[in-house]
Amino acid sequence: MVSETVTHSPEQTLATGRQLASEFHPPCLVILEGELGSGKTTLAKGIVAGLGAAREEAVSSPTFTLVHEYGNATKVYHVDLYRIEDAGDLATLGLEEIMNEKAVVLVEWGERFAKILPVPDFHIKLEHLGLEDRRITVQAAKSASSRPVAALE
Ligand SMILES: Nc1ncnc2c1ncn2[C@@H]1O[C@H](COP(=O)(O)OP(=O)(O)OP(=O)(O)O)[C@@H](O)[C@H]1O
Ligand SMILES: [Mg+2]
């Protein structure tokens, strides 16, 4: 299943994230792919808010902290692998435990480690079309429930 939408402002991308959230049932791995400034973190804010895990204003980029955790009833991890260089670096993040939790896991730059990470339930691509225009393409795995949660071990 593939769906595509074009947003014309950060607010519209936030709204798209809030809508998408209703499709993410934990455990759920979501890869966010797109060049710098394409809106991955903006979309993640909407998703975290849509899941009721935190307010949009409370969600910040994990560029330097690498992993942020939100929520109680619905737990959300927001991960940024931009600064992760190799599998050794990746192993330091404790993603195995995170992926085995009943959580929604959002991974910016996750496509860089597609061979190591479990097959995602959703792969979202963000593309610059113009100053404030972004194409957001959402691809759902064929059978989201068959994700091998122990694939990192
Ligand atoms: N339609 C839009 N959707 C999302 N962001 C937009 C849009 N139009 C403009 N922007 C701006 O683009 C920037 C997107 O930044 P954001 O941090 O979400 O991107 P990112 O993909 O996470 O970047 P990085 O790779 O550095 O983590 C913000 O400054 C935002 O205001
Ligand atoms: Mg970001």
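Me: Is K142 buried or exposed?
Reply: This is a predicted model, in which local features need pLDDT of at least 70 and side-chain atom pairs count only at pLDDT 80 or more, while totals for chains, interfaces and linings use all residues; side-chain values use heavy atoms, without hydrogens and water. Residues are numbered from 1 along each chain as its sequence is written, while chains are lettered from A and ligands numbered from 1 in the order in which they are written. Buried means under 20% relative accessible area, exposed over 50% and partly exposed in between, with a 1.4 Å probe and protein chains only. K142 has a relative accessible area of 87%, so K142 is exposed.

Me: Where is K142, and how far apart in space are K142 and H8, C-alpha to C-alpha?
Reply: Helices (H or I, at least four residues) and strands (E, at least two) are DSSP runs, numbered from the N terminus. K142 is in the segment after β7 (134-140). Along the sequence K142 and H8 are 134 residues apart, and their C-alpha separation in space is 29 Å.

Me: Which residues are the protein donors of the magnesium ion (ligand 2)?
Reply: Donors are N, O and S atoms within 2.8 Å of the metal (3.2 Å for Na, K and Ca); water is not among the atoms, so sites may look incomplete. Here the protein donors lie 2.1 to 2.2 Å from the ion, and they are T41 (OG1) and E108 (OE).

Me: Are α1 and α2 roughly parallel, or oblique to each other?
Reply: Axes are lines fitted to C-alpha atoms, for helices over the stretch in contact, and angles run from 0 to 180 degrees between N-to-C directions. Angles under 35 degrees count as roughly parallel, over 145 as roughly antiparallel, 65 to 115 as roughly perpendicular and the rest as oblique. α1 (residues 10-21) and α2 (residues 40-50) pack at about 45°, with axes 7 Å apart. The two helices are therefore oblique.

Me: How do the residues in the contact of α1 with α2 divide?
Reply: Contact means heavy atoms within 4.5 Å. Contributors include L14, R18 and L20 of α1 and L43, K45 and I47 of α2. Ala, Val, Leu, Ile, Met, Phe, Trp, Tyr, Cys and Pro count as nonpolar, Asp, Glu, Lys and Arg as charged, and the others, Gly among them, as polar. On that basis the contact has seven nonpolar, six polar and two charged.

Me: What is the phi of L66, and what is that of W109?
Reply: Most residues other than glycine have a negative phi. L66, in the loop between α2 and β3 (67-70), is buried at 17%, and W109, in the loop between β5 and β6 (122-128), is buried at 13%. Both values are positive: L66 is near 75°, and W109 is at about 65°.

Me: Which residues does R112 contact, leaving aside neighbours within four places in sequence?
Reply: R112 is in the loop between β5 and β6 and counts as partly exposed, at 39% relative accessibility. Its C-alpha atom is 8.6 Å from that of Y82, 30 residues away along the chain. The contacts of R112 beyond those neighbours are L81, Y82, I84 and E85.
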